[in-house]
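Me: Hi! I have a protein model open and would like to talk it through. Could you help me read it?

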Amino acid sequence: MLNFAAIDFETANSYASSVCSVGVVIVKDGEIKEKIYRLIHPVPNYYSPINVKVHGIKKEDTESADTFPEVWAEIAPKIKGLPLVAHFSRFDENCLKEAFNRFELDYPGYKFYCTCTASRKYFGSCLPNHRLPTVARICGFDLKKHHNAIADAEACAMIALKIL
């Protein structure tokens with residue numbers, strides 16, 4: 001796979017629709033062409049302490065950020081026609097669908113591929129686990145800021161280029 005968009009969401013709380021940041025890495029002809037990172041004002045702007053502990057984003061960080069529809073209006077044309085790739089894609093696909101649902105937008109039926117599933121098939125039991133930092137490292141990417149949406153999306157893109 002040489003043309004795709006790797007994507008990662010972080011959420012403010014336990015609701016999948018509470019996306020508070022998104023990272024997108026656009027790959028064309030096997031090369032990273034663009035990286036997009038946006039903070040998103042979740043609706044409501046409520047942060048669970050557990051989520052803050054994971055990604056470090058707080059209510060104050062997204063107080064003046066755009067909401068999902070505004071952010072997605074910028075991203076959508078750039079990823080049009082590209083499959084989406086995520087590590088443990090079920091989470092990110094669910095976030096995207098729930099955000100579309102929350103704002104009563106028509107979901108365009110994006111096609112997702114999962115680098116976690118691909119890792120399990122490709123590496124099998126050769127790895128101690130198939131978490132993003134582990135798989136990124138074995139694929140030659142040093143993921144220094146795990147749970148930062150753009151860092152995770154870039155790690156996912158590098159994994160996809162190696163094993164998809």
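Reply: Happy to; we can go through the sheet, a few loops and a pocket. This is a predicted model, where local features need pLDDT of at least 70, side-chain atom pairs count only at pLDDT 80 or more, and totals for chains, interfaces and linings use all residues. Residues are numbered from 1 along each chain as its sequence is written, and side-chain values use heavy atoms, with hydrogens and water left out.

Me: Great. In what order do the five strands of the open sheet come?

Reply: The order is β3-β2-β1-β4-β5, with mixed pairing. Strands here are DSSP runs of E with at least two residues, helices are runs of H or I with at least four, and both are numbered from the N terminus. Two strands pair if DSSP finds at least two bridges between them.

Me: Which strands stand at the edges?

Reply: β3 (31-39) and β5 (112-114) do. Each has a single partner strand, so one side of each is left without a neighbour in the sheet. Neighbouring strands are turned by 25° against each other on average, direction ignored.

Me: How many bridges join β1 to β2?

Reply: Eight, and the two strands run antiparallel. F4, for instance, has V27 as its bridge partner in β2. V27 in turn is partnered by I32 in β3, and β2 and β3 are also antiparallel, joined by eight bridges.

Me: And how do β1 and β4 run, parallel or antiparallel?

Reply: Parallel, with two bridges between β1 and β4 (residues 84-86). A6 has V85 as its partner there.

Me: What does helix α7 touch?

Reply: Helix α7 (residues 149-163) packs on the sheet and touches β1, β2 (19-28), β3 and β4. Contact means heavy atoms within 4.5 Å. The direction of α7 makes about 30° with that of β2; axes are lines fitted to C-alpha atoms, for helices over the stretch in contact, and angles run from 0 to 180 degrees between N-to-C directions.

Me: How many residues of β2 are buried?

Reply: Nine of its 10 residues, so β2 is largely enclosed by the rest of the structure. Buried means under 20% relative accessible area, exposed over 50%, and partly exposed in between (1.4 Å probe, protein chains only).

Me: New topic, loops! Is D29 buried or exposed?

Reply: D29 is exposed, at 61% relative accessible area. You'll find it in the loop between β2 and β3, and its phi is near 55°, a positive value in a residue other than glycine.

Me: Where is F88?

Reply: F88 is in the loop between β4 and α4. Its phi is also positive, near 60°, and F88 is partly exposed at 37%.

Me: Which residues does a cis peptide bond join?

Reply: V43 and P44, with omega about -5°. P44 is in the loop between β3 and α1.

Me: Last one: which residues lie nearest the centre of the largest pocket?

Reply: D8, F91, H146, H147 and D152, out of 17 lining residues. On a 1 Å grid over the protein atoms alone, a pocket is an open set of points where a 1.4 Å probe fits, with protein on both sides within 12 Å along at least five of seven lines; lining residues have an atom within 4 Å of a point. The largest share of the lining, four residues, comes from β1.
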